Amino acid sequence: MTGLLVKNAYVIDPLSGVNGEIMDIAIRDGKIVEEVGSGAVVIDAGGCLTLPGGIDSHSHVCGTKVNFGRYMSPEDMRAGRTARKGVMHVTSGYSVPTTFGNSYRYSSMGYTTVLEGAMAPLEARHTHEEFTATPHQDMLANTLFDGNWSIMEAVRDKDVKRAAAVVAWTLAAVKGFAIKLTNPGGTEAWGWGEDVHSIRDEVPHFGVTPAEIIETMIQANELLNLPHSVHIHCNNLGVPGNYQTTLDTIGLAPDLNRERQSLYLTHVQFHSYGGSTWKDICSKSEEVARAVNARPQVAIDMGQIMFGRTTTMTADGPMEFKLYMLHHNKWSNHDVELETGSGIIPVYYSRKSLVNCVMWAIGLELALLTKNPWQCMLATDNPNGAPFVKYPEIIALLMSRKLREYEMKAIDPRTEHFVPLFAIDRELDWYEIAVMTRAAQAKALGITRIGKGHLAPGAEADIAIYPLKPDELDPAVDYQQVMAGFAKTSYTIKRGRVVARDGEVIVEGANSTIWTRAEVPPEFDLNKDPEFVKKFEQYYTVRMRNYPVQDIYLPRGVSIRTEASL
Amino acid sequence: MKVEDVVCPFCGCLCDDLVVEVENNRVTSVENGCTLANEKLMEDHRLKNPIRRERGSWKDVSYDAAIQETAEILLDADRPLLYGWSGTHGEAQSVGVHLAELLGAVIDNTSTVCHGPSILAIQEVGHPGCTLGQVKNRADVIVYWGANPIDAHPRHMSRYTTYADGFFVKDAFKERKVIVIDVRKTESSAVANEFVKVDQGGDYAVLSALRAIVRGKGDLIPVKVAGVTREQLFRVADICKNAKFGAIFFGLGLTMSPGKNKNIRNAIELTEELNRHTKFTISPMRGHWNVYGSNEVFTWISGYPYAVDFARGIAFYNPGETTSVDILRRGECDACLVVASDPGAHFPRACAEHLARIPTVQIDPHVNATTHLATLQIPVAVTGIDAEGTAYRMDGVPIRTRKLYEGTYPSDLEILGKIYARVKEAKGS
């Protein structure tokens with residue numbers, strides 16, 4: 001292979017310490033290399049912004065509940081349709097696009113790696129089938145353990161090693177990437193129509209608290225030396241006054257890992273509310289950001305909402321029912337035996353709703369008040385806060401106070417009394433945006449080791465070239481160009497191949513699925529463990545032998561192997 | 001050779017605990033299976049090779065010729081319909097959707113004459129459901145409405161509901177209340193604690209009455225509603241409200257009786273109402289073992305669970321217009337590919353007549369009613385016996401069916417893959 005040479009690129013590669021240098025990038029066999037020969041195909045970046053491929057560290061794009069979001073919403077499917085064109089398949093959907101729709105739209109925005117935020121182990125096969133049909137991004141799956149009976153029993157028995165063994169077995173069986181806790185304990189309680197309301201509430205019948213589940217899982221995660229940390233969707237999502245639960249949760253996180261955070265809190269906007277009812281809800285972003293600033297062992301993502309229509313979907317079944325009681329639109333719920341739950345409802349975030357305006361402000365505040373951009377990632381909890389196609393707009397809002405002022409004039413005027421956003425002047429720069437959209441994600445997920453999120457020789461050649469010339473633009477003023485530029489790359493390069501040009505995908509994709517295999521000593525292998533086997537014999541409705549996801553579902557699987565310290 | 005943990009490719013229960021004995025490329029015995037499973041796994045009446053209708057009689061043709069002819073028929077058609085899909089695995093369904101996309105065809109699955117109305121109701125009001133294990137481990141109240149599982153899903157009661165002991169329900173038969181609601185006595189109603197006999201066509205009214213009672217508007221209820229006494233309605237509402245975990249399962253008796261999707265909408269809204277008091281879920285009793293898989297696959301590729309029309313390039317969905325029965329009745333369809341189902345046995349007469357008039361190709365292991373309407377039939381391996389692939393249980397749990405032996409028939413996936421390749425080549429794309 002003769003290779004590819006990207007010349008004259010304005011490179012920001014935070015993990016390599018590169019900030020705005022004009023450079024050439026040489027690529028061969030899908031990797032970044034020191035140099036290529038004169039026969040290489042040349043792309044002239046013309047001084048345009050060139051970044052490692054975008055990484056979304058929390059998005060709902062594949063699997064049972066996502067597909068149910070499509071299934072129940074023909075109105076959303078109609079709201080975004082494209083015909084077959086070249087190598088591109090038909091796409092449908094606005095907030096919950098079809099798999100190819102997600103893949104093409106992410107690719108046009110320069111995103112090359114996406115983590116699915118919530119996979120129920122029992123239904124993992126479905127997630128992997130959809131991963132294969134999302135061909136332009138390498139995919140990873142957060143694996144749900146929030147209501148896992150074997151985990152809760154281990155927590156009750158104060159047996160961290162057993163919890164680790166359950167995680168190791170499950171991740172290997174379902175080809176999952178990391179531990180996800182969605183409303184820990186609450187999804188089990190929802191099996192009885194109940195919920196937990198603080199990290200110290202007891203989970204019915206199991207005699208454990210969310211705090212104990214969280215603490216045990218953080219320890220178990222480090223015993224297994226998993227690349228990512230525990231990834232948590234805190235209890236009490238969307239409830240006025242819930243910031244206290246969030247602060248309590250942050251307070252649980254020890255500092256156990258030198259490479260990355262020990263706890264990743266997702267869509268924190270939904271967890272930073274003061275007040276006690278929907279009438280007096282207010283922003284507590286300052287308190288939450290202060291806690292994050294004081295603790296390098298935590299990282300968060302924004303969970304920004306944007307005004308307009310979208311679909312909410314989460315494993316947090318009880319929360320979706322509460323939301324349904326507010327919106328009275330349509331409601332789906334899907335509890336998963338021995339493991340977790342889920343719910344879906346469509347929503348419309350309105351500029352005329354004070355509550356929605358407060359939510360909108362909180363997300364931006366979290367990003368602007370978190371001092372270290374490596375600790376706060378840009379995401380909307382796609383599609384819960386907004387479809388990911390809104391990211392360019394969010395970038396522009398973070399880079400331009402002027403744009404924020406313009407927006408703040410359009411929202412409910414009372415908002416100012418409930419949020420600090422109006423007093424925040426900070427404008428993020430190109431470097432910070434590069435951190436918050438790829439480098440921080442790669443570090444937080446622990447995938448720099450497999451060449452993700454940077455452009456040093458040896459890295460995967462996943463590159464996004466945007467039609468933006470940082471030397472000639474003032475993002476504080478030229479926010480329209482910033483938005484347009486981040487919406488469509490000039491080139492998206494995936495594993496050394498140009499996959500998208502000027503917003504159109506031009507080749508068939510060939511993605512990988514990245515999963516984690518933690519090797520445990522034989523005494524921690526649960527395949528023959530009587531208690532564990534009994535779960536399948538007596539309580540699951542699928543046989544233990546039919547449960548694991550076969551290799552055939554991962555045509556290009558990449559496993560990250562770790563040695564457990566058990 | 002003994003094969004364990006075999007997945008049964010018959011009904012939506014998708015039981016995965018069968019033990020079968022295989023000898024000389026035949027299943028010779030089945031343990032744990034119901035009569036339907038035994039019949040399906042042990043049958044031995046397959047069509048030997050592709051056949052083509054020529055002047056009133058059948059001629060054997062090669063697979064290659066049959067595939068070529070199918071591709072030509074589809075390419076020549078203005079309004080092709082690709083119908084069926086619930087009896088094959090997801091990977092083949094996926095090729096089917098891409099083939100429809102390439103051809104600008106309509107693709108539809110058997111939901112169109114089955115739980116299609118349930119899907120329409122779900123699209124209006126959502127679907128509060130759960131996996132079957134959630135019911136097995138927790139439910140103390142089970143409601144079967146317009147469904148007769150003992151006949152249609154013979155192990156549903158023993159694996160998931162009435163007789164299935166679970167974590168929180170140690171002695172299911174004693175601790176669980178079973179309510180059967182139907183227009184007539186059935187084998188299932190015979191084992192119920194409470195049988196509610198509804199007048200034919202009266203389901204909607206009974207659902208509304210129950211909703212009213214649960215809402216606290218019981219004083220509105222007359223002495224009888226569609227043949228059901230006020231006392232019984234209150235008793236049933238009371239059992240449901242006092243359940244710790246209730247689960248409604250509904251069948252075609254509710255979906256396809258007068259009211260159709262509105263019945264299902266009412267039942268879902270009753271479930272939602274009950275969730276304000278306790279935990280309740282509702283689930284359709286999906287028929288074919290992988291009909292739900294066809295809905296899933298269609299949805300992630302095209303955005304819609306059935307009745308998808310690619311004629312205008314985009315995916316267009318309008319049940320009543322883009323549904324198979326309507327397209328055939330209007331005489332609009334000029335070629336049909338039937339995969340893994342039997343519209344000849346299940347469609348209205350006018351539709352079957354139209355299928356007989358146009359080139360109809362059937363991909364199916366067996367001679368069935370559709371064979372008699374078809375111009376060409378291509379036999380394939382049976383998924384779950386001599387082919388494997390993904391299936392989605394009625395509750396959405398995906399399970400990989402097993403291949404029990406290496407047979408001689410090509411799979412649906414192989415045949416469809418070849419047709420797709422030829423069509424693609426001809427289209428030059």
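Two strands count as paired here if DSSP finds at least two bridges between them. With that in hand, take a look at chain B of this predicted model. Strand 4 (residues 51-54) and strand 20 (residues 376-378) of chain B are joined by two bridges, and they run antiparallel. If you'd like to pick out one of the partners, go to Ile51(B): its bridge partner in strand 20 of chain B is Gln377(B).

Now zoom out to the whole sheet. Nine strands of chain B make up an open sheet with mixed pairing, and the order across it reads 5-4-20-19-18-6-7-16-17. At the edges stand strand 5 (57-60) and strand 17 (316-317) of chain B; each has a single partner strand, so one side of each is left without a neighbour in the sheet.

Helix 3 (residues 90-103) of chain B lies across strands 6 (80-84), 7 (106-109), 16 (308-309) and 18 (335-339) of chain B, and runs at about 170° to strand 6 of chain B.

Over in chain A, have a look at a pair of helices. Helix 6 (residues 160-174) and helix 8 (residues 210-223) of chain A pack with their axes 8 Å apart, at an angle of about 65°. Angles of 65 to 115 degrees count as roughly perpendicular, so that's the label for helix 6 and helix 8 of chain A. Their crossing is right-handed. On the helix 6 side of chain A, the contact uses Val160(A), Lys161(A), Ala163(A), Ala164(A) and Val167(A), which meet Thr216(A), Met217(A), Gln219(A), Ala220(A) and Leu223(A) in helix 8 of chain A. By type, the residues of this contact split into seven nonpolar, two polar and one charged.

Note on methods: Residues are numbered from 1 along each chain as its sequence is written. Chains are lettered from A and ligands numbered from 1 in the order in which they are written. This is a predicted model: local features need pLDDT of at least 70, side-chain atom pairs count only at pLDDT 80 or more; totals for chains, interfaces and linings use all residues. Helices (H or I, at least four residues) and strands (E, at least two) are DSSP runs, numbered from the N terminus. Two residues are in contact if their C-beta atoms, placed from the backbone, lie within 7 Å. Axes are lines fitted to C-alpha atoms, for helices over the stretch in contact, and angles run from 0 to 180 degrees between N-to-C directions. Angles under 35 degrees count as roughly parallel, over 145 as roughly antiparallel, 65 to 115 as roughly perpendicular and the rest as oblique. A crossing is left-handed if the near helix is turned anticlockwise from the far one by less than a right angle, and right-handed if clockwise. Ala, Val, Leu, Ile, Met, Phe, Trp, Tyr, Cys and Pro count as nonpolar, Asp, Glu, Lys and Arg as charged, and the others, Gly among them, as polar.
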